[in-house]
Amino acid sequence: MPRTALRICPLCEATCGLTLTIEGTAVTGARGDRDDVFSRGFICPKGAAFGQIDADPDRLRTPLVRRDGRLREATWEEAYDAIAAAVPGLVREHGPQSVGVVLGNPNVHTMAGALYPPLLLKALGTRNLFTASTLDQMPKHVSSGFLFGDPLAIPVPDLDRTDFLLLLGANPVESNGSLCTAPDFPGRLKALRARGGTLVVVDPRRTRTAALADRHLAPRPGSDVLLLAALAHTLLAERLAAPGGLEEHVEGLGELGAALGSFTPEAVAPACDLTADEIRSLARELAAAPTAAVYGRIGSCTVEHGTLASWLVDVLNILTGNLDRPGGALFPLSATDRTPRPGGPGKGFAVGRWHSRVSGHPEAKSELPIAALAEEIETPGEGRIRTLIAIAANPVLSAPDGDRLDRALAGLDFMVSVDPYLNETSRHAHVVLPPPPPAQSAHFDFAFNAFAVRNQARYSPPAIPLEEGRMDECEIHARLILTVSGLHGALPEAVDERVIDDTLARAVTDEHSPLHGADPAAQALRLTGRTGPERRLDLMLRLGPYELGLEDLLKAPHGIDLGPLRPRLPDVLRTRSGRIELLPDPIAAELPALRATLADRPAALVLVGRRHLRSNNSWLHNVPALTGGSNRCTLHVHPQDAARLGLTDGGLARIAAEGGSLEVPVEITDAVRTGVVSLPHGWGHDRAGARLGVASAAPGANVNQLLDGTRIDRLSGTAVLNAFPVDLTPLP
């Protein structure tokens, strides 16, 4: 007989609750969990396809080990034996900096990806960390670090209570949000308008989100930062800035006006391709709204001055008095956050504590730009990356110039990939360790709860027992840590117990901890959970702000509602001054470069990416239910540009930039403005050796091959993936 099981969807940042239908050991259906405290029954096509994703026949079921140049099925013992025979010796011979670690986007969607990579990095002793953050969100981390002293202190829009939402470079109706965890984002936007609020969308494309807006502004791509600067300038020049109670927590307010003095509406209007009156009107509306929130994402991050744009988003929230107040932008408080402690001077935040070996890129948040990975492998000399560990990562498709990286990976001495697929990147590995399908894994959202628009906590035990021959993803990581540490064969439970012991030892001496002064051994005995990861989760909940434990979550399978977001200043501040540093030195030093762009002559044609509701980067293209229809890799071109260039709908065109050229099918549409073309991200499944039957049947083109990796936001190291110039010619 069929049964049902509850599961938090791990396929995007919305974290919706699902009710799975299970027959035997197969997921045969998925619907929204109407009783989920956060998502209330909402589901998108990705969640509805959970069963197909879980049962994908191309998912690897056993490890692969390279023998005689070919990847062959192997036992788990053989896989870890191969790692033990290679990695520790390579580290001893060439040093810890000869190892690189790459973490892909899916890591933040699993418990293992949250709990173990920091331990792996510590075990290896390497500073060569590359993640998907420098392909999307790092500018927001860096700007938050400068402003608040903590790169993880990211305010999110209070969607359910705001009166005015200004949304830039984001299409949450199709992407379900980013750094803003909000199930049913479309419904929340409709509710905003239904209660009399205003939605303004800034995007060069007429997206499904823009179609919901009261007003849609379509500026020239890459100019969001100039628009934001002009809005801030107007608020200050017209004395509309009203920080209110924030003023006691802010320093640098007096200097901000002079720093932004050049960015008048008249000065930026030509670069934005908006009128000065449109800019002034928007600033005045923002100031007049009872409550308001400004929210910017991928389109305003993955551009040349992405960190400045991210900074200005919060500058506007501060100037209008909407930071840290209901209806504005607030700091979530996750159940696994540390118990709040009084605000005050902290260590602050800095970038550039070390630099990449070849091009000297500064680290940001302990990461180096993933756009620099290929050169770090290719370039001879001390510290060259010879060994790579890639966890849920496919940078051959996601990073600039995948062809170059593809060649570089082929020259590694040794590569380990933790991945369920043999994809465009993992095909280069010497050992592939495949995690089980999501239905066989436990789930808790450590990362996304920290960006949620409502505080809540939900936990999903495995819906289906672990299949024989599979290894739990957390155990895969724990064994990998032990193996590269020279402890091959040690019990994986030792990794979790060491973390628990170390955490308790710190907690009992921390005066702000709820376990201050307790006996650590006694507290360890109190922990519940069947596994090491569950015991670690239980400990994090006990050390958190809500006096919860794992048993509380198990007794509430639909989740525990912890209430709306609440003001948290000054407790979140960790700057050296103990205040919001509104004009930090690195930001001020970058403003002249932004000012110089006002004199730039705009390119005739620039490219922007796009997202689709049934896609998530490169990792859902192998699911039949999520392919076809409008989810296609086509180049969107405005009719006027198509006529000027001689392009036909459905015909082929060659698109070129400094990184190379692609042949792509043309789709003529007025959903993009003139002077802009759009190609989606995550395609290019045509490389030999990958085992992705559905994806390879409609491979599409890898848009990132148009880039050579030299375009980078200097403050964050994030690759410029949007608003770069391209040439377009028709093909027969």
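**Close-up views of a predicted model**

**View 1. Two partners sit on one helix.** D502 and R498 are both part of helix α20 (residues 493-507), where they are four residues apart, or about one turn of the helix. Their side chains meet in a salt bridge, with 3.2 Å from N to O. Keep in mind that this is a predicted model. As a bit of background, side chains of opposite charge can pair when their charged atoms come close.

**View 2. E467 pairs with R470.** Here the side chains of E467 and R470 form a salt bridge, at 3.3 Å from N to O. E467 has a relative accessible area of 36%, so E467 is partly exposed.

**View 3. R654 meets E663.** Zoom in on this pair and you'll find another salt bridge, this one joining the side chains of R654 and E663 at 3.2 Å from N to O. R654 has a relative accessibility of 32%, so R654 counts as partly exposed.

**View 4. L179 has a positive phi.** Most residues other than glycine have a negative phi. L179 isn't a glycine, yet its phi is positive, at about 50 degrees. You'll find L179 in the loop between α7 (172-175) and α8 (185-194).

View 5. R239 is not a glycine either, and its phi is about 55 degrees. R239 belongs to the loop between α10 (224-237) and β12 (250-251). With a relative accessible area of 78%, R239 is exposed, since the cut-off for exposed is over 50%.

**View 6. A cis peptide bond joins L569 and P570.** Most peptide bonds are trans. The bond between L569 and P570 is cis, and its omega is about 5 degrees. Where does P570 lie? Look in the loop between β21 (560-564) and β22 (580-581).

Definitions and conventions
Residues numbered from 1 in each chain as written. Predicted model: local features only at pLDDT ≥ 70, side-chain atom pairs only at ≥ 80, totals over all residues. Heavy atoms only, no water. Helix = DSSP H or I, 4+ residues; strand = E, 2+ residues; numbered from the N terminus. Buried < 20%, exposed > 50% of the residue type's maximum accessible area, 1.4 Å probe, protein only. Salt bridge = Lys/Arg side-chain N within 4 Å of Asp/Glu carboxyl O.
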